[in-house]
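Here are some exercises to work through with the model open beside you. Try each task before reading its solution.

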Amino acid sequence: MKFHTSYLTFNTKRRQEIIDITDEVEKCRAAAGIQEGMVLVSAMHISASVFVNDHESGLWQDILDWLEKRIAPWSPDVYRHNSGTGEDNAAAHLRSLTVGHEVIVPVTKGKLDFGPWQRVFYGEWDGQRSKRVIIKAMGA
Amino acid sequence: MKFHTSYLTFNTKRRQEIIDITDEVEKCRAAAGIQEGMVLVSAMHISASVFVNDHESGLWQDILDWLEKRIAPWSPDVYRHNSGTGEDNAAAHLRSLTVGHEVIVPVTKGKLDFGPWQRVFYGEWDGQRSKRVIIKAMGA
Amino acid sequence: MKFHTSYLTFNTKRRQEIIDITDEVEKCRAAAGIQEGMVLVSAMHISASVFVNDHESGLWQDILDWLEKRIAPWSPDVYRHNSGTGEDNAAAHLRSLTVGHEVIVPVTKGKLDFGPWQRVFYGEWDGQRSKRVIIKAMGA
């Protein structure tokens, strides 16, 4: 059984940002040398997401708008987390819960076994500071 | 360490549809011959979901209504993804992000280790065309 | 390859409740004796969640409020699941779909490989009765 673990660090210019990390996931698979197995990709922070979707910049903007307008508006005043801790990022936590913070990518015959349009993304919901993602490949 | 990989293909009559695939997950476990481990079940498209919930047709309709009315209305005109690409399915992408595109089913003593009402479903959010799901069992 | 499986049982006083189960996840890892691998933590019921977020009581109340006000109001009358089955918990199913019912925790060098604030929680969305969570560690 083989394992390999990589860590990515991001410090985004904007507070919310979506970044394609698929090539890093494949690098971790190759470093593990696995032909069959799974790669876990997981945000190490509670105000960020990892998800699989489409490499299309219009959609990325749709996702940011949708999180703000429909899922969890930033509204710093309405959350107990903000008033209690002096932070303003409660909405980023709720966005992380909605979109999820991790994915598992299947590996078959030495490749990430994705459908035609699938790519892996890091979703930064409270950036402009150093944040990490763990990638762990496991298989044979 | 044992692996087995299966692929399912769906071409739904309706554009949105929910399909119970639990029996296919168990077939993959059995084909792998594992007593302990995990089975990954993952949509290979970015406008579909895989989730665990209840085999109850009223709830399935509730889920479709809830996605349309509360989570991500179809509204083709409001999304950049639609205006930029000529597609109309941005809402299906957002529904996939909300419900998720994959689950991991634990395997214990040669069985899918589910609670009393848990079943695995494929959620098609933009069907009427050929789409796939990967099932990968991994264990011993 | 090593495995260990634990089950937790909850019978919450309140119908909705959020409980930190991180210490139980670590116990399962230690019992498996794995240095590298993954731990699956999964609700065995379809009206509950398992998620990773912050150990902060203001945020827990924000999550409960957000699920009720924005994601899936309890409103027993509006769901087919409730009128068809005599139950009143359709909203709990939708909350489970939104937040998710499982997480995978990476294990590196004999430790749960978490970022600085990450903790694992059980989210009970329809409690006051006996419900279970499975924890399964797998690795080497």
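**Exercise 1. Find out whether B:D20 is buried, exposed or in between, and which side chain it pairs with.**

Solution. Start with accessibility: B:D20 has a relative accessible area of 22%, so it counts as partly exposed. The classes are buried under 20%, exposed over 50% and partly exposed in between, with a 1.4 Å probe and protein chains only. Next, look for a partner: B:D20 meets B:R119 in a salt bridge, at 3.0 Å from N to O. Here a salt bridge is a side-chain nitrogen of Lys or Arg within 4 Å of a carboxyl oxygen of Asp or Glu. Then place the two residues: B:R119 is in strand 7 (residues 119–124) and B:D20 in strand 2 of chain B, so the pair ties together parts 99 residues apart in sequence. Helices (H or I, at least four residues) and strands (E, at least two) are DSSP runs, numbered from the N terminus. Finally, B:R119 is partly exposed too, at 26%.

Before going on, a word on the ground rules. This is a predicted model, in which local features need pLDDT of at least 70 and side-chain atom pairs count only at pLDDT 80 or more, while totals for chains, interfaces and linings use all residues. Residues are numbered from 1 along each chain as its sequence is written, chains are lettered from A and ligands numbered from 1 in the order in which they are written, and side-chain values use heavy atoms, without hydrogens and water.

**Exercise 2. Compare the places of the partners in the salt bridges B:R15–B:D88 and A:R29–A:E26.**

Solution. First take B:R15 and B:D88, whose closest N and O atoms are 2.7 Å apart. This pair links distant parts of the chain, 73 residues apart: B:R15 is in the loop between strand 1 (2–10) and strand 2 (17–20), and B:D88 in the loop between helix 3 (80–85) and helix 4 (90–99) of chain B. Now turn to A:R29 and A:E26, with closest N and O atoms 2.9 Å apart. They are three residues apart in helix 1 (residues 22–32) of chain A, which means a separation of about one helical turn.

**Exercise 3. Work out how chain C is related to chain A, and describe their interface.**

Solution. Begin by superposing the copies by least squares on the C-alpha atoms of residues with pLDDT of at least 70 in both.

Next, count contacts (heavy atoms within 4.5 Å): 34 residues of chain C touch 32 residues of chain A. About 2700 Å² is buried between the chains, 65% of it on carbon and sulfur atoms; buried area is the accessible area (1.4 Å probe) that two parts lose on being put together, summed over both. C:M38, C:D62 and C:W66 supply 21% of what chain C buries against chain A, more than any other three residues. Finish with charges: there are two salt bridges between chain C and chain A. A:R80 and C:D65 form a salt bridge at 2.5 Å, N to O.
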